[in-house]
Amino acid sequence: MQINIKVISDTICPWCFMGKRRLEAAIAEFKTTHPDTAFQVEWHPFQLNPSAKKEPVNKLESYKRKFGEARALEIVEDMKRLGKTVGINYSYGGTIANTLDSHRLIHWANGFGKQNQVVEELFKDYFEREQNIGDLQVLAKAAQRAGLEEAEALRYLESGADADKVQHEADENRTNSINGVPHFIINDKFQFPGAQDSSTFVRFFEKAIQQQQQQHL
């Protein structure tokens, strides 16, 4: 049996990083009782702020402008606390910029079977290392840490390849009744929003397996 999971996310979304961790925990848990089940995870683009400029701005200040200072600081502390429960050390220093190029890198990495590794490095860059993931050099180094060729990644990014394609998919995801991320789609049948607890993922994995078994009767 195989379970295919599409994850619609943005690389600057803290709940998307949290959702990745909970998804991974659920897969590990499920495989203890279903060791023959294979999982295929694909990442798809969404932009929380599609109009953001490429020029970076201060991350924490942008949160304060969006939510107000008191609420922004409350959100930051809540995310730091929750992050530690799944091994994430959220930091809100550094800068924020348009995320299209980071999504292009994820798209490119899919051709090498390295999407999940690249997504992990981008989340760590933005949320833990205080890196600007709008910077092509930073993105290329993330690709290198994920097992890809840094120079090849940089050439791809500098070429502007797939920009229209990736932007179109991000725009479509925004218009397809997806109002927030992360958003998970399992076997193109079951979908749900948010960084749910691992038990929610496991419940949907069970449904996906049951459906496959019924189809083979």
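Okay, let's start in the middle of this thing. The largest nonpolar core has 62 residues, and the members that touch the most other members are Ile-3, Ile-5, Leu-23, Leu-105, Ile-186 and Phe-205. Who gives the most to this core? That's helix α1, residues 14-33, with seven residues. And before I go on, keep in mind that this is a predicted model.

Leaving out anything up to four places away in sequence, Ile-5 touches Leu-23, Ile-27, Phe-39, Gln-40, Val-41, Glu-42, Phe-184, Ile-185, Ile-186 and Phe-205.

Now, aromatics. Searching the whole structure turns up 21 aromatic pairs. Take Phe-39 and Phe-205: the ring centres are 5.0 Å apart and the planes sit at 65 degrees, so we call this pair edge-to-face. The cut-off for that label is over 60 degrees. Phe-39 is in strand β2, residues 38-45, while Phe-205 is in helix α9, residues 198-215, so this pair ties together parts that are 166 residues apart in sequence. Is Phe-205 buried or exposed? Its relative accessibility is 0%, so Phe-205 counts as buried.

Helix α9 shows up in another pair, through Phe-201. Phe-201 and Phe-184 are edge-to-face, with 4.8 Å from centre to centre and 90 degrees between the planes. Phe-184 belongs to strand β5, residues 183-186, and the two partners are 17 residues apart, so to speak a link between distant parts of the chain. Phe-184 and Phe-201 are both buried.

There's also an aromatic cluster, made up of Phe-17, Trp-43, Tyr-63, Phe-67, Tyr-90, Tyr-92, Phe-123, Tyr-126 and Phe-127.

Arg-104 brings me to helix α4, residues 100-110. How many of its eleven residues are buried? Nine of them, so to say, mostly covered. The buried ones include Arg-104 itself, along with Asp-101, His-103 and Trp-108. Leu-105, which we met among the core residues, is buried there as well. And what does the covering? Among the elements over those buried residues are β1 (2-9), β2, α5 (115-127), α6 (136-145), α7 (150-159) and α8 (163-175). That's my tour, thanks.

Note on methods:
Residues are numbered from 1 along each chain as its sequence is written. This is a predicted model: local features need pLDDT of at least 70, side-chain atom pairs count only at pLDDT 80 or more; totals for chains, interfaces and linings use all residues. Side-chain values use heavy atoms; hydrogens and water are left out. Rings of Phe, Tyr and Trp (its six-membered ring) pair if their centres lie within 6.5 Å; planes under 30 degrees apart count as stacked, over 60 as edge-to-face and the rest as tilted. Helices (H or I, at least four residues) and strands (E, at least two) are DSSP runs, numbered from the N terminus. Buried means under 20% relative accessible area, exposed over 50%, partly exposed in between (1.4 Å probe, protein chains only). Contact means heavy atoms within 4.5 Å. A nonpolar core is a set of buried Ala, Val, Leu, Ile, Met, Phe, Trp, Tyr and Cys residues joined through side-chain atoms within 4.5 Å.
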